Amino acid sequence: MAQAIHSSTATDPDDITIAYLGGGSRQWAPNLIQDLAQSDLDGRVRLYDEYYESTERNARFGNWVQEREGAVADWSYEATDSLETALAGADVVILSTQYDPAETFVHDLDIPKRYGIYGAVAATIGPGGIFRAMRTVPLYRAFAAAIREHCPDAWVFNYTNPVHFVTRALYDEYPDINALGLCHEVLGTRHRLARYAREHLDMDAERSDISVNVKGINHFTWVDEARCKGVDLWPMLEELRGGAEGHRAFTGEDLADESVFVDNWQVTWELFRRFGVLPAAGDRHLVEYATWFIQGGKEGLNRWGVKRTGSDYRAKHWTPAESDQTTDVEAWLAGEREFELSESNEVFVDILRGLVGKGDYVTNINLPNTGQVSDLQNDAVVETNALVRANEVKPVAAGGFPRPVRGVVRGHIDTIETVIEASADGDVDAAFQGFLIDQQIRTLQTEDARELFAELVAAEESYLQDWDLEDSTVLAESAAYPAE
C-alpha cells in the first residue's frame, strides 16, 4: 500500500509563511502572486534568488498586486539575499529555479542537434535533460540540507525541471522531506478530455469534471481509465484514435505560424493505438521519452504535428520584454501595459488549501514510489494521483503497465537513478553511464556519445562546479574536452 507523507506541524491558513527559492522567477512567481491574491489564504512570502535584483522586482510586484482590484487575500512580499532567512520557520517552500538559458539551454539544444539528436524541448530527459539535471541537482541537495536544518516539517513544492531528477535528489539528500513534484501536463490532458466530452458526447464538462487513473514518470505519464462525471470516456477515445482525429499528418509549412507549444495529439494517438494506454503529457514532451518520433530530424518531428523549441526562443527567456513566454512585470509596474488580475490554472493554491484543512483535494503529484505504481522500482519518483488533506498527502495506488510500456519507463528510471547516484559525490564517469543508457543517446556510437557528453561539459563547465571534472576518465579520453 502506498505510504502517505505527513507534517507534524499544522499550518494556520491565516498566517502562512512561504519561502520561495528561485523567487526572481520570470514566469512562475508572477503567476503565483496573482493566484495567492485571489485565494482565501493569508500570509507572507520571502523571495530568495541568486539574482537578488529579480527578487526585489517580484517583491515590489507582489505588494503592488495586493492593492489591485480583486485582490481579496492579505499577503506581503519580502526579498532576501539570505537562504537561511528565507527558510527560517517556513511552513511552505516553493522551488522554481533556472540558470541563464543563453549559457545553458542553448547548448542543450544546439550541440546534440549536431550529433543528429533533434529533441523537441531538451529539458527533462535526453542529453539536454540530463545536463539540466547535472547543473541543478547539486544545488537542490544543498536546498534539501538547508530545509532539514531550518524548516524540517515544511511542505516543499518543486516546480523545477527536470521534476523527476530534482524531486528524487531532494529525497536522496533528506529522506524525511515533505516534497511534492508538480507539473501541469496531466492537467492539460484533463482539459483536452473535457473538450472531447463537450464536442463528442455533448456534455457540459470542464477540467474538474474529468477523473483519470494516471501513472508513470513526469512528462511520460499514462492513463488507463478516464471518466467525466462518472461517464466512461474510453469508448469515445477508442473511436477517435481510429478516425480522422487520430490520423492527421503535418509538414513544417503547416506548423510555421504555430506556437512551439502547439499540441496536435498525434503522438498521443499513435502510442494509444500501439500500446492500449493513453499518454497523459503533451506531445512535445512525449517524443523525448518515446524516441521513435524524433528520428528523421525536423521533417520526422513535424510529421507528428510537433514543433521544436529552438535555442533562439530559449535564449530570449531571460529577458521578459523579448520573450513570448515569460511575464514582463516591469511593464505592468511602469504602467506601460494594462494589468488585469488573472488565474494561472495551476493547482498550488488548491493543494495548499487541502494541506491547511480547507477541504480534501485530488491531483497528480510526483512522489517516491512506495507501491502506487506496482511494477516500478521502489523509491524512484513516480507520478500518480494523490489525496491531499490536512497535514497529509497520500498517493493513490494506480496499478502497473503493459509489459512494453513498462520496459520503456523502467529504462528512463534507470537513467535517472544512475545520474542521481553519481551526483552524491560528483562522479562524472558514473554520470556518463546514465547518459550512455539514455534512449536518445542509444542512437549514437559510444565514441560519439562520449564526444557529445564532453562537448556539453566544455560548454557548460562553469555550471558543473560540483562535479569532479578533473579526475574523469571519460573527459580525459575525449578530444572535445580541452585538457589543462
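Predicted model: local features only at pLDDT ≥ 70, side-chain atom pairs only at ≥ 80, totals over all residues.
Colleague: How many residues does the largest nonpolar core have?

Modeller: By nonpolar core I mean a set of buried Ala, Val, Leu, Ile, Met, Phe, Trp, Tyr and Cys residues joined through side-chain atoms within 4.5 Å. Buried is under 20% relative accessible area, exposed is over 50%, and partly exposed is in between (1.4 Å probe, protein chains only). Val 93, Phe 157, Leu 180, Phe 348 and Val 393 have the most contacts inside the largest core, and its size is 68 residues.

Colleague: Which residues is Phe 157 in contact with, leaving aside its neighbours within four places in sequence?

Modeller: Contact here means heavy atoms within 4.5 Å. With those neighbours set aside, the partners of Phe 157 are Val 92, Val 93, Ile 94, Leu 95, Leu 180, Leu 182, Phe 348, Ile 351 and Leu 355.

Colleague: And how many residues are in the second, separate core?

Modeller: That one includes Ala 120, Leu 286, Ala 449 and Leu 452, and its count is 63 residues.

Colleague: On to the rings: how many aromatic pairs does a search of the whole structure find?

Modeller: Rings of Phe, Tyr and Trp (its six-membered ring) pair if their centres lie within 6.5 Å; planes under 30 degrees apart are stacked, over 60 edge-to-face, and the rest tilted. Searching the whole structure that way gives 24 aromatic pairs.

Colleague: Is the pair of Phe 131 and Phe 435 stacked or edge-to-face?

Modeller: The ring centres are 5.9 Å apart. The planes sit at 85°, so the pair of Phe 131 and Phe 435 is edge-to-face.

Colleague: How many residues apart in sequence are the parts that this pair ties together?

Modeller: Helices (H or I, at least four residues) and strands (E, at least two) are DSSP runs, numbered from the N terminus. Phe 131 is buried at 0% relative accessibility, and Phe 435 is buried with a relative accessible area of 0%. Phe 131 lies in helix 5 (residues 126-150) and Phe 435 in helix 17 (residues 428-437), so the parts tied together are 304 residues apart.

Colleague: Where is the kink in helix 5?

Modeller: Helix 5 is mostly covered, with 19 of its 25 residues buried. The bend at a residue is the angle between axes fitted to the seven residues ending there and the seven starting there. In helix 5 there's a kink of about 35° shortly before the proline Pro 138, at Thr 136.

Colleague: What is the angle between the planes of Tyr 196 and Trp 265?

Modeller: Tyr 196 is buried with a relative accessible area of 0%, and Trp 265 is buried at 2%. Their pair is edge-to-face, with 5.6 Å centre to centre and an angle between the planes of 70°.

Colleague: Which ring does Lys 215 lie over?

Modeller: A charge sits over a ring if NZ of Lys or CZ of Arg is within 6 Å of the ring centre and within 35 degrees of the ring normal. Arg 303 lies over the face of Trp 304, at 3.8 Å from the ring centre. Lys 215, at 5.7 Å from the ring centre, lies over the face of Phe 401.

Colleague: Which residues does a cis peptide bond join?

Modeller: Most peptide bonds are trans. Pro 162 is in the loop between strand 6 (155-158) and helix 6 (163-173). With omega at about -5°, the cis bond joins Asn 161 and Pro 162.

Colleague: Is Asn 391 buried or partly exposed?

Modeller: Asn 391 is in the loop between strand 13 (381-389) and strand 14 (392-395), and its phi is positive, near 60°. Its relative accessible area is 21%, so Asn 391 is partly exposed.

Note on methods:
Residues numbered from 1 in each chain as written. Heavy atoms only, no water.
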